Amino acid sequence: MSSRSSTVRDMDDMSLHETESGYVSGSGSESSLPEIHFTKPHLAFLNRQLQFLEPQDILRWCITSLPGLFQTTAFGLTGLVTLDMLSKMKLPRPQMVDLIFLDTLHHFSETLALVDRVRSKYPLVNLHVYKPDGLETTEEFAQKHGEKLWQSNDELYDWVAKVEPAQRAYRELQVAAVLTGRRRSQGGKRGDLDIIEIDEAGLIKVNPLANWSFQQVQDYIQENKVPYNELLDHGYKSIGDWHSTQPIKAGEDERAGRWKGAQKTECGIHNPRSKFAQYLQEQERKKKEEVLQKALADLEVAA
């Protein structure tokens with residue numbers, strides 16, 4: 001019997017064995033492996049179990065349980081704590097968690113300087129930087145979208161500067177799950193945050209420090225000599241783009257300085273799909289429908 005025939009027979013035997021046993025091994029056919037997903041009862045169970053664990057234990061669970069795991073960060077304090085905790089686990093390269101940074105082109109200079117210090121402190125960590133599509137500078141952004149787009153159309157700004165780059169990163173890097181820096185003590189919509197969430201696109205979001213207070217985060221940063229944004233020494237607690245971030249007063253929520261005076265607490269990445277995103281999705285649906293209708297009409301003419 002030829003070598004090729006023997007190989008085909010071996011593959012058939014493997015498939016038959018998996019079918020008969022009722023199990024699929026990791027070495028079996030990829031097409032026979034189910035995609036990872038959580039039912040609502042399973043997700044509720046995991047959240048009940050994980051909420052009692054320390055962040056390091058939650059991170060260990062993520063590394064061993066979630067393929068396609070990345071950390072999204074704007075280099076806020078909580079994200080820096082997560083990064084430092086991961087670095088101390090001394091993971092082998094295949095298990096290390098890469099970082100995704102969305103450079104909106106409107107970050108403070110202090111934030112960009114921090115990025116360089118983080119690269120120096122954690123040289124083994126891969127950092128993927130994503131910017132607004134086709135743009136490299138603030139000037140190019142203004143030329144394409146006009147001055148102060150965040151004032152004239154904040155939803156469009158969120159889409160162009162943050163949501164679309166995030167979606168592009170997830171698609172190109174094949175991201176299935178992300179570690180975020182959100183905590184319940186940040187207030188607003190984050191007050192009832194779960195450890196694990198799944199957004200409407202199916203992306204798994206894990207908030208390993210959801211239970212920590214700002215003081216706990218700050219203490220960790222100081223005790224472990226983690227580099228941090230210098231603006232935190234000048235009254236800032238939550239830092240985003242320069243045009244929508246201000247220092248806060250004593251007693252205010254951590255994120256009170258974000259979009260001050262506006263009815264807004266999230267940038268769009270952690271919100272349900274925005275009206276602008278819905279509009280784009282509807283336009284794409286109509287485009288596909290038009291192509292289908294044209295193809296059907298061409299078939300009728302040909303017949």
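Biologist: How far apart are the end C-alpha atoms of helix α4 (residues 77-88), and what should its 12 residues span at 1.5 Å a residue?

Modeller: A word on the source before we start: this is a predicted model, in which local features need pLDDT of at least 70, side-chain atom pairs count only at pLDDT 80 or more, and totals for chains, interfaces and linings use all residues. Residues are numbered from 1 along each chain as its sequence is written, and side-chain values use heavy atoms, leaving out hydrogens and water. Helices (H or I, at least four residues) and strands (E, at least two) are DSSP runs, numbered from the N terminus. The expected span of a helix is 1.5 Å times one less than its number of residues. For α4 that should be 16 Å, and the end C-alpha atoms are 17 Å apart, which agrees.

Biologist: How many of the 12 residues of α4 are buried?

Modeller: Buried means under 20% relative accessible area, exposed over 50%, and partly exposed in between (1.4 Å probe, protein chains only). In α4, 10 of the 12 residues are buried, so the helix is largely enclosed by the rest of the structure. Among them are Leu77, Gly79, Thr82, Asp84 and Leu86. For comparison, buried residues make up 40% of the 303 residues in the protein.

Biologist: Which elements do the buried residues of α4 pack against?

Modeller: Packing is read from contacts, meaning heavy atoms within 4.5 Å. The partners are α3 (55-65), β1, β2 (98-102), α5 (109-121), β4 and α9. After α4 comes Lys90, with a positive phi near 50°.

Biologist: Let me try a single residue. Where is Thr72, and which residues does it touch?

Modeller: Thr72 sits in strand β1 (residues 69-72). Leaving aside residues up to four places away in sequence, Thr72 touches Ile100, Tyr170, Val178, Leu179 and Thr180. At 19% relative accessibility, Thr72 counts as buried.

Biologist: And Asp192, is that residue buried or exposed?

Modeller: Asp192 is exposed, with a relative accessible area of 63%. You will find Asp192 in the loop between β4 (177-179) and β5 (196-198). Its C-alpha atom is 9.3 Å from that of Ala210, 18 residues apart along the chain.

Biologist: Now the rings. How many aromatic pairs does the structure hold?

Modeller: Rings of Phe, Tyr and Trp (its six-membered ring) pair if their centres lie within 6.5 Å; planes under 30 degrees apart count as stacked, over 60 as edge-to-face and the rest as tilted. There are six aromatic pairs here. Trp150 and Trp242 have ring centres 5.6 Å apart and planes at 75°, so that pair is edge-to-face. The pair links distant parts of the chain: Trp150 belongs to helix α7 (residues 149-152), and Trp242 to the loop between α9 (214-223) and α10, 92 residues apart. Trp150 counts as buried at 18% relative accessibility, while Trp242, at 42%, counts as partly exposed. Another pair, Trp212 with Tyr220, is tilted, at 6.3 Å centre to centre and 55° between the planes. Both Trp212 and Tyr220 are buried.

Biologist: Which residues form one aromatic cluster?

Modeller: Phe141, Trp150, Tyr157 and Trp242 do.

Biologist: To finish, what do the contacts and the secondary structure come to for the protein as a whole?

Modeller: The secondary structure comes to 10 helices and six strands. Of the contacts with a separation of 6 or more, 69% are between residues 24 or more positions apart.
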